[in-house]
Amino acid sequence: MKTNKRLYRLLSISLLATSTLLTACSKSGGKAGALSGAARDSTLVIGMLGDADYLNPVIGASLTSSEITGLIYPGLLQGEFDTKTGLLNYLALEKRLRPSSGPDEKSPKGALARTWTMSPDHRSITYTLRADAKWADGQPVTSRDFKFVYRLYGNLVIASPRQQFLSELVGADKGAVDFDRAIETPDDTTLIFHFYKPVPEHLALFHTSLTPLPEHLWKNVKPQEFRESKLNQQPVGAGPYRLAAWNKQQSLTLSSSASCNLPKPGNIKRIIYRIIPDYTVRLAQLQTGDVDVVENVKPEDFAAVQKANPNVDIKTIGLRVYDYVGWQNIDGEYYNSTGKARPHPLFGDPAVRRALTFAIDRQSIIDGYLGDYGVIAKTDISPSLKWAYDDSIKPYGFDQAQAVRLLEQAGWLPGPDGIRQKSGKRFSFSLYTNAGNARRNYACVIIQQNLRQIGIDCKIEIQESNVFFQNLQERKLGAWMAGWAIGLEIDPLDVWGSDLKKSRFNFPGFINPRIDQLCELAKSKMRTEEARPYWIEYQKILHEEQPITFLYWIRETQGFSKRIQGAKLNISGTYYNIDDWTLKPSIAP
């Protein structure tokens with residue numbers, strides 16, 4: 001990835017719902033802050049559904065947060081995705097894991113690492129860092145910043161969602177990383193990671209490339225105060241942009257960082273992320289030119305947008321994002337009170353979850369909203385990851401008769417009011433989703449109707465996204481609709497690992513030891529492609545168990561002002577090379 005859009009953004013799995021934190025339309029839904037003249041020529045305005053959660057790579061969980069922290073903080077490595085094979089490449093200044101094979105070859109000049117060396121026994125990796133990188137306050141970026149930040153990623157009190165990245169470090173096999181032995185910093189430009197077992201080179205590069213923080217600023221912050229620290233509102237990075245202003249739930253402004261040499265300051269002097277929760281208002285501002293970028297424009301709106309403003313392009317990327325319906329596999333209330341897992345009274349049976357998938361007309365949702373820009377999903381391995389994708393799995397079709405058979409075999413029979421019941425318990429629940437997402441709201445209505453047709457009572461509940469995500473983390477929701485942007489390196493223990501305390505994104509509470517084994521077996525292969533048999537079995541298990549109902553992959557459709565020059569969109573993201581964008585000057589009257 002170019003400059004500081006970070007390998008972290010290429011790799012991380014981010015809950016899309018968390019990037020949609022809501023605010024009142026009265027303050028951020030109108031034509032606030034319209035720009036003209038010189039200010040417009042030096043300012044990019046992006047219309048966003050929701051705000052960032054944290055501008056801190058250790059704890060940030062939303063896609064918006066990762067996009068912005070990717071511009072503020074430096075990255076150890078750069079990355080590029082090979083669309084022909086679906087493999088991810090890793091780049092340092094003087095070394096690449098694989099030869100570049102596509103037309104989108106990236107510059108490695110944003111990397112902090114000059115080079116790396118993998119030990120012959122694959123139990124350690126040594127990085128040589130560049131000596132000229134500095135934090136925005138002028139202090140040098142050193143190897144100690146990485147050792148310091150890895151302690152933060154692994155701290156259970158801080159509870160980073162990226163704890164699984166440390167799972168191969170020395171000591172992890174015994175329950176806790178021994179940081180004194182696992183990470184060495186013999187001098188400012190030498191960084192050595194030690195593993196308790198042989199680790200393939202691509203995975204070592206993946207797991208040791210977490211984003212650093214400046215130790216000299218954070219070292220006195222106590223773990224229990226980490227999430228509330230004022231430093232989260234005043235980030236000091238080393239990337240091409242700095243935080244200039246943050247009016248929560250209204251706007252976030254970045255300014256080009258003149259001191260950045262990783263490899264340079266951002267071309268556009270100022271980037272404003274304007275929070276506009278209402279889709280129609282975002283679209284209207286794209287049409288009037290008050291914002292330059294709006295993501296997820298509905299296909300049905302393309303013609304009207306371009307007719308209203310011929311200076312708007314529609315750009316398409318994918319397949320990296322999917323929507324899903326989450327089913328709480330375990331009894332969340334019981335787990336929260338005891339720390340023990342027992343099946344959820346409605347969704348704990350895999351046969352019932354399969355029935356729910358059979359009952360939902362996924363193609364109807366695609367036809368009614370996404371059209372040619374949606375593809376039915378079978379698991380969370382994207383068709384874009386060609387080396388691992390199993391095209392032999394056939395998606396469950398819309399078959400309500402089969403859904404009824406499965407439900408009745410599981411003991412769910414029609415009650416006197418037409419709603420199925422078992423042992424006196426009605427099959428009735430609330431389906432939660434985040435406010436402001438028209439696509440998910442549309443899908444929820446279809447799902448509600450489909451389930452009612454087979455005797456299941458489904459109520460729709462819309463929550464503000466900060467509340468929604470908090471409730472997901474606390475296992476307070478039995479069923480929900482959300483979405484994921486997958487990582488381009490397959491390593492799904494964060495999402496499906498059976499250790500629910502470490503697997504922070506395993507919201508359904510899916511526990512399957514074979515999935516854990518397959519992930520470990522796949523990670524033991526020294527060549528990425530050799531892991532394919534394990535990922536094939538992994539996909540078959542997810543397809544059979546249906547811990548969630550995978551709905552559809554999305555070809556994202558983004559509205560772009562034609563005054564933006566040099567934008568290269570691909571599966572890595574809409575803002576893949578945003579620091580290289582330029583703005584076409586206004587025509588003088």
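This is a predicted model: local features need pLDDT of at least 70, side-chain atom pairs count only at pLDDT 80 or more; totals for chains, interfaces and linings use all residues.

In which strand is the place of phenylalanine 429? Phenylalanine 429 sits in strand E19, residues 428–434, where helices (H or I, at least four residues) and strands (E, at least two) are DSSP runs numbered from the N terminus. Residues are numbered from 1 along each chain as its sequence is written, and side-chain values use heavy atoms, with hydrogens and water left out.

Is phenylalanine 429 buried or exposed? Its relative accessible area is 8%, so phenylalanine 429 is buried; buried means under 20% relative accessible area, exposed over 50%, and partly exposed in between, with a 1.4 Å probe and protein chains only. Leaving aside neighbours within four places in sequence, phenylalanine 429 is in contact, meaning heavy atoms within 4.5 Å, with residues including Trp327, Leu346, Phe347, Leu451 and Ile456. Phenylalanine 429 and glycine 75, by comparison, are 354 residues apart in sequence and 44 Å apart in space, C-alpha to C-alpha.

Let me turn to helix H14, residues 400–409, in which Gln400, Ala403, Leu406 and Leu407 are buried. Seen down the axis of H14, these buried residues fall within an arc of 120 degrees, so they line one face of the helix; the arc is that of the directions from the helix axis to the C-beta atoms. The cover over the buried residues of H14 includes helix H12 (350–359), strand E17 (420–422) and helix H15 (438–452). At the start of H14, a side-chain oxygen of aspartate 399 reaches to within 3.3 Å of the backbone nitrogen of alanine 401, and just after H14, glycine 411 takes a positive phi of about 95 degrees.

Strand E17 also belongs to an open sheet of 3 strands, in the order E16-E17-E18, with antiparallel pairing; two strands pair if DSSP finds at least two bridges between them. The edge strands are E16 (413–414) and E18 (425–426), each of which pairs on one side only. E16 and E17 run antiparallel and are joined by 2 bridges, and leucine 413 has glutamine 421 in E17 as its bridge partner.

Asparagine 512 caps the N-terminal end of H18, with a side-chain oxygen 2.9 Å from the backbone nitrogen of arginine 514.

Phi of glutamine 546 is near 45 degrees, a positive value in a residue other than glycine, and at 2% relative accessibility glutamine 546 counts as buried.

Which residues touch the most other members of the largest nonpolar core? Of its 118 residues, they are Tyr127, Leu254, Tyr273 and Trp535, a nonpolar core being a set of buried Ala, Val, Leu, Ile, Met, Phe, Trp, Tyr and Cys residues joined through side-chain atoms within 4.5 Å. Helix H5, residues 143–153, gives the most to this core, with 6 residues. Apart from this core lies another, of 38 residues, among them Phe358, Ala359, Ala403 and Ala443. In soluble globular proteins, nonpolar side chains tend to be buried together.

I will finish with some backbone details. A cis peptide bond, with omega of about 0 degrees, joins leucine 262 and proline 263, and proline 263 is placed in the loop between strand E11 (251–256) and strand E12 (270–275). Another cis peptide bond joins glycine 318 and leucine 319, again with omega of about 0 degrees, and leucine 319 is found in strand E14, residues 312–327. Histidine 122, although not a glycine, has a positive phi of about 60 degrees, and its place is in the loop between strand E6 (113–118) and strand E7 (124–129).

How values were computed
A polar contact is a pair of N or O atoms within 3.5 Å; within protein, one must be able to donate a hydrogen and the other to accept it, and residues adjacent in sequence count only if both atoms are side-chain atoms.
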